[in-house]
Amino acid sequence: MTVYKLLLGGIVALCLVSCQFTETMELQEDGSGRMTLEMDMKEMMAFGAGMDSTLTKTDTIISFKEVLAEKKDSIARLPVAQQTQLKKMENFMMKLFIDPDTNDMFINIFTDFKNVNEANELMNGLGESSGFMPGIKPPSEGEQTDSEDFMGVSYSYAKNTFVRDAFIKDKVKHQNQLDSLKSSEMFLSGTMYTLRYTFPKKIKRSSIENAKYSADGKTIEVERSFLDYMKDPDILDLKVVLEK
């Protein structure tokens, strides 16, 4: 399961009103930095206000490494390839904030990387570990087989040029996902996916004409419909050239 299936499952199951997703990256000159996937479920909380009296104020950080250690027996029964993928997620953290009084709910999953290529693991490996987080039943072996990924994303940074490339990995599985979303499109119409990247130098130019930039010219922000992104991942392909 990739991050895309994780997001799709979360939206369909929990968000019958608009939820917002933001992919952020803070990149340093040497190629290191931090990658974060932010999930804003405030509107979902407002929509369900008063429906769940068991929610309590929560502000905590969960270590993937600790959770995976607790689930080591279940992980040991997985195929070696999936165990390897989960091992790569040990350095990830999840921040969970819930405040029923203000209807706030945020989930941020983040990791620090030494090279931007490592950021690929956030998109390509996050879903593998989702089944081992607290409160989520680990998928069976058959379910693991059925949840093979259908989209991918890669990042590169060299010679003052940053590239984000999203792509379809399996056309058949991709179409199956689109078919499964047709009945939910009305509910998902307000769901947006935003890129917000901060670079060590001022941006000289980018491949997206209607992007927004910070006052210092080092941060770029691009927003697209989540459904449109699922249908055509190329709409969030990005090339940024920095000043020397």
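Modeller: Among contacts (heavy atoms within 4.5 Å) in the protein chain between residues at least 6 apart in sequence, 71% join residues at least 24 apart. This is a predicted model, in which local features need pLDDT of at least 70 and side-chain atom pairs count only at pLDDT 80 or more, while totals for chains, interfaces and linings use all residues. Residues are numbered from 1 along each chain as its sequence is written, and side-chain values use heavy atoms, with hydrogens and water left out.

The mean pLDDT, the predictor's confidence in each residue on a scale from 0 to 100, is 79 for the protein chain, with 77% of its residues at 70 or more. Residues 1-16 stay under 50 in pLDDT, although the model gives them 51 contacts beyond four places in sequence. Residues 127-147 also have pLDDT below 50, and that stretch has 37 contacts in the model beyond near neighbours in sequence. Where pLDDT is low, the predicted coordinates should not be read in detail.

Of its 244 residues, 45% count as buried, where buried means under 20% relative accessible area, exposed over 50% and partly exposed in between, computed with a 1.4 Å probe and protein chains only.

Asn103, in the loop between β4 (93-99) and β5 (104-113), is not a glycine and yet has a positive phi of about 60°. Asn160, in the loop between β6 (151-158) and β7 (161-168), likewise has a positive phi, near 65°. As for cover, Asn103 counts as partly exposed because its relative accessibility is 22%, whereas Asn160 counts as buried because its value is 16%.

Further along, Asp170 lies in the loop between β7 and α8 (171-181), and its relative accessible area of 23% makes it partly exposed. The side chain of Asp170 reaches the backbone nitrogen of Val172 at 3.0 Å. Asp170 and Phe150, 20 residues apart in sequence, have C-alpha atoms 4.9 Å apart in space.

Thr24, placed in strand β1 (residues 20-27), counts as buried because its relative accessibility is 11%. Leaving aside residues up to four places away in sequence, Thr24 touches Arg34, Met35, Thr36, Glu38, Arg196 and Tyr197.

Technical notes:
Helices (H or I, at least four residues) and strands (E, at least two) are DSSP runs, numbered from the N terminus. A polar contact is a pair of N or O atoms within 3.5 Å; within protein, one must be able to donate a hydrogen and the other to accept it, and residues adjacent in sequence count only if both atoms are side-chain atoms.
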